[in-house]
Amino acid sequence: MNNRYYIFNNGRLLLCDNSVVDVPETLPSWLACEGVRVFEESGDAVYYMARSDQEELPEEYRWVDLRESFHVLPERVYRQAGKASELLYFDRQHRYCGICGAPMEWTSLISKRCTQCGEEL
């Protein structure tokens, strides 16, 4: 089982020496993010999160467009990054209910429910 972090900033993926970030025992303070979510795929624990800051990165790290990473990452890792990116987009676009405007909450890996009226996506 491999555990990896997929960290995105404005749609760009964080790579370390042309690979995604392996899960360490504790994240360095400069890398810590709130709202870390996880899913399992093919026996791997996939941690994903979004950052919005522009903090300076250590030399071995860089932000790349997801498409650009296609030529760098193994296929399995690229697919996981794509799924993580899709879930982050879904979360960002569906924070509030389109019916009543109340906050939405996750009910499964791929669905949300309104905390007030019960509308599901």
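I note that the model is predicted, so local features need pLDDT of at least 70 and side-chain atom pairs pLDDT 80 or more, while totals for chains, interfaces and linings use all residues. Residues are numbered from 1 along each chain as its sequence is written, and side-chain values use heavy atoms, without hydrogens and water.

I then searched for aromatic pairs (ring centres of Phe, Tyr and Trp, the last by its six-membered ring, within 6.5 Å; planes under 30 degrees apart are stacked, over 60 edge-to-face, the rest tilted) and found 4 in the whole structure. Phe39 and Tyr48 form a tilted pair, 5.7 Å centre to centre with 55 degrees between the planes. Phe39 is buried, at 5% relative accessible area.

I also recorded the tilted pair of Phe90 and Trp106, at 5.7 Å and 50 degrees. The charged end of Lys112 sits over the Trp106 ring, 5.1 Å from its centre (NZ of Lys or CZ of Arg within 6 Å of the ring centre and within 35 degrees of the ring normal).

Finally, I examined Gln80, which is buried at 0% relative accessibility. Its side chain makes a polar contact of 2.9 Å with that of Asp44 (N or O atoms within 3.5 Å, one able to donate a hydrogen and the other to accept it within protein; residues adjacent in sequence count only if both atoms are side-chain atoms).

Methods:
Buried means under 20% relative accessible area, exposed over 50%, partly exposed in between (1.4 Å probe, protein chains only).
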